[in-house]
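Subject: Structure for your attention

Dear colleague,

Please find below the structure that I am handing over to you.

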Amino acid sequence: MFDRIVCDPEILSGKPTVKGTRISVEIILEWLASGASPEEIVSEYDHLSIEDVQQALRYAAAALHDNLVIQTKVAS
């Protein structure tokens, strides 16, 4: 299902990364969250493909699928 995303304890302390790179799923999500398009990310990291970016996003969604999210309020 995720043939482009790997976790190797020798690379970025085992964070999920795009296979053959040191680019983490986390950094791809940060780019997307800041408004970058998949095309912009690929142009910045020319060894990535659109499919790599899409698979990173699907991986993150799957990782959160069964996790409980707890909302908190910050005191003003």
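Predicted model: local features only at pLDDT ≥ 70, side-chain atom pairs only at ≥ 80, totals over all residues.

Salt bridges

How many salt bridges does a search of the whole structure find? The search finds three.

One of them joins the side chains of R4 and D52, with a distance of 3.0 Å from N to O. This pair connects distant parts of the chain, since R4 lies in the segment before β1 (5-7) and D52 belongs to helix α3 (residues 50-64), 48 residues apart. Are R4 and D52 buried or partly exposed? R4 has a relative accessibility of 29% and therefore counts as partly exposed. D52 has a relative accessibility of 8%, which falls under the 20% limit, so D52 counts as buried.

Another salt bridge is formed by the side chains of E26 and K15, at 2.5 Å from N to O. Here too the pair links distant parts of the chain: E26 sits in helix α1 (residues 25-33), K15 is in the loop between β1 and β2 (16-18), and 11 residues separate them in position. E26 counts as partly exposed because its relative accessibility is 38%. K15, at 39% relative accessibility, is likewise partly exposed.

The side chains of E51 and R58 also meet in a salt bridge, with 2.7 Å from N to O. E51 has a relative accessible area of 27% and is therefore partly exposed. For R58 the relative accessibility is 40%, so R58 counts as partly exposed as well.

Packing of α1 and α3

Two packed helices are described by the angle between their axes and the distance between those axes. For α1 and α3, the angle is about 100° and the axes are 9 Å apart. Angles from 65 to 115 degrees count as roughly perpendicular, so α1 is roughly perpendicular to α3.

Which residues of α1 and α3 meet? On the α1 side they are V25, I28, L29 and L32. On the α3 side they are V53, A56, L57, Y59 and A60.

Yours sincerely,

A colleague

Conventions:
Residues numbered from 1 in each chain as written. Heavy atoms only, no water. Salt bridge = Lys/Arg side-chain N within 4 Å of Asp/Glu carboxyl O. Helix = DSSP H or I, 4+ residues; strand = E, 2+ residues; numbered from the N terminus. Buried < 20%, exposed > 50% of the residue type's maximum accessible area, 1.4 Å probe, protein only. Axes fitted to C-alpha atoms, helices over the stretch in contact; angles between N-to-C directions. Parallel < 35°, antiparallel > 145°, perpendicular 65-115°, else oblique. Contact = heavy atoms within 4.5 Å.
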